[in-house]
Amino acid sequence: MSLADRVTSGARTTLRRRTRLGLTRLRLTWWGAAQSALAGALAWEFAVHVLGHSGPFFAAVAAIVCLSTTYLNRLRRVVEMGIGVTLGVAIGDAVVREIGRGGWQIGAVVLVAMLVALLLDGAPLIINQAALQAVFVTALPPPVNGYVARWEDALVGGVVALVVAFALPSDPRPAMRDAGGAVVHPIADALRQSATAARVGDVERAFDALEQARATQPAIDRWRDAVRAGEEVSRLSPLRRHALAEISAHRAALAPVDRAIRNVRVALRRAVAAAEDEQALGGRADPSAAGSSAATPADRDDGASTSPLPVVAGSPAHLLPPSVVEVLDGLASVFYTLPGALRDRDGEGGRRAVAALDDVTDRLRPERLEMPTMNATVIVAQVRSAVVDLIQVPGVPEHEARAKLPR
């Protein structure tokens with residue numbers, strides 16, 4: 001492939017990726033943009049036709065600014081933004097009437113607005129908006145409707161934004177689904193990659209899989225935040241009560257999935273250790289050599305003992321048996337089915353998750369497993385613990401989940 005072809009191919013890949021990310025952002029946030037547009041228009045019309053103000057700039061600005069907050073805790077943030085905007089406008093108007101407009105006056109107004117905001121609440125959004133709106137008030141020409149009119153406009157904009165956010169909230173489910181998928185899909189990919197690495201003894205690929213699993217904690221935190229935001233919206237808005245079932249499924253899944261992922265990380269550490277053992281032995285099936293091998297860095301990372309590994313006579317102790325590798329593959333399949341189970345726990349999504357769990361449970365039957373080394377034994381034990389947690393995602397109680405596993 002020529003340099004021009006490589007450049008063209010890279011440009012196309014980048015364009016496709018950016019287009020995909022842009023469409024995802026649009027899908028998740030278009031309703032927020034519509035809310036801002038509606039609130040700005042309603043606030044302007046109310047100030048013009050009800051209050052009789054001409055050019056109510058601060059009414060539209062306050063409404064749009066208040067609805068520009070992040071999805072998490074949005075109603076509380078809308079209230080904070082509304083208070084900050086109204087406070088900044090009121091303080092700015094009051095001070096400008098006394099000291100006039102200019103550079104030093106802007107500094108004085110900002111200082112007073114921030115100090116008052118700190119005294120009243122101290123929330124960052126209130127402080128920042130109070131200062132920002134105070135600057136607008138000081139820099140803009142005096143209002144034709146009088147100084148009180150600008151404060152009224154800001155108050156109207158904040159109230160309209162709160163009404164729109166309460167009455168027409170965004171659907172919390174798309175953001176929650178994306179957040180959940182950003183947790184389980186990387187874990188499933190890591191498990192599959194680790195299984196592939198175990199088959200060929202690729203230490204680097206096994207370690208990459210482990211690092212990918214370790215990197216999921218921020219995604220779990222974002223998933224938890226998205227669920228909390230969805231709960232807030234569904235409780236306060238009648239229009240989103242229909243989302244409660246799916247939100248409850250996500251809430252119930254958070255803890256067991258988090259525990260399962262912690263077990264997966266330990267299993268993947270042992271998969272790295274097995275690959276390192278194989279590399280150290282040069283790929284030779286020599287059980288006597290494995291019995292005296294020292295603990296690998298992966299062993300030390302999870303606090304494992306540095307004592308020699310037990311060896312089953314005649315078995316290649318440094319290799320993971322195919323039955324254990326298949327268990328990792330089966331667990332990856334379970335993680336891939338979890339988004340569907342959360343979306344439709346009692347329907348097809350839940351049935352697919354249960355089928356995947358039943359398959360990996362069958363692979364964990366003692367008669368199907370070979371565990372010649374400590375690495376293999378630990379991997380199987382961690383997968384069993386993960387399965388107990390994941391069976392609860394489709395709605396199976398923990399005691400029934402434990403009963404499903406062969407002993």
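Predicted model: local features only at pLDDT ≥ 70, side-chain atom pairs only at ≥ 80, totals over all residues.
User: Why is A226 called buried?

Analyst: A226 has a relative accessible area of 9%. Buried means under 20%, exposed over 50%, and partly exposed in between, with a 1.4 Å probe and protein chains only. The value for A226 falls under that cut-off, so the residue is buried. Residues are numbered from 1 along each chain as its sequence is written, and side-chain values use heavy atoms, leaving out hydrogens and water.

User: Where is A226 found?

Analyst: A226 sits in helix α9, residues 217-236. Helices are DSSP runs of H or I with at least four residues, strands are runs of E with at least two, and both are numbered from the N terminus. By that rule the protein has 16 helices and zero strands.

User: How do you know that the span of α8 agrees with its number of residues?

Analyst: The expected span is 1.5 Å times one less than the number of residues. For the twelve residues of α8 (203-214) that gives 16 Å, and the end C-alpha atoms are 16 Å apart, so the two agree.

User: Which residues of α8 are buried, and what puts them on the same side?

Analyst: They are V203, A206, A209, L210 and A213. Their arc, taken from the directions from the helix axis to the C-beta atoms, is only 125°, which puts them on the same side of α8. These residues pack against α7 (173-200) and α10 (244-280), where contact means heavy atoms within 4.5 Å.

User: What makes F57 and F58 an edge-to-face pair?

Analyst: Rings of Phe, Tyr and Trp (its six-membered ring) pair if their centres lie within 6.5 Å; planes under 30 degrees apart count as stacked, over 60 as edge-to-face and the rest as tilted. The count comes to one aromatic pair. The ring centres of F57 and F58 are 5.1 Å apart and their planes stand at 85°, so the pair is edge-to-face.

User: Are these two residues buried or exposed, or in between?

Analyst: F58 is buried, with a relative accessible area of 2%. F57, at 39%, counts as partly exposed.

User: Why is T373 called buried?

Analyst: Its relative accessible area is 2%, so T373 is buried. T373 lies in the loop between α14 (348-363) and α15 (374-390).
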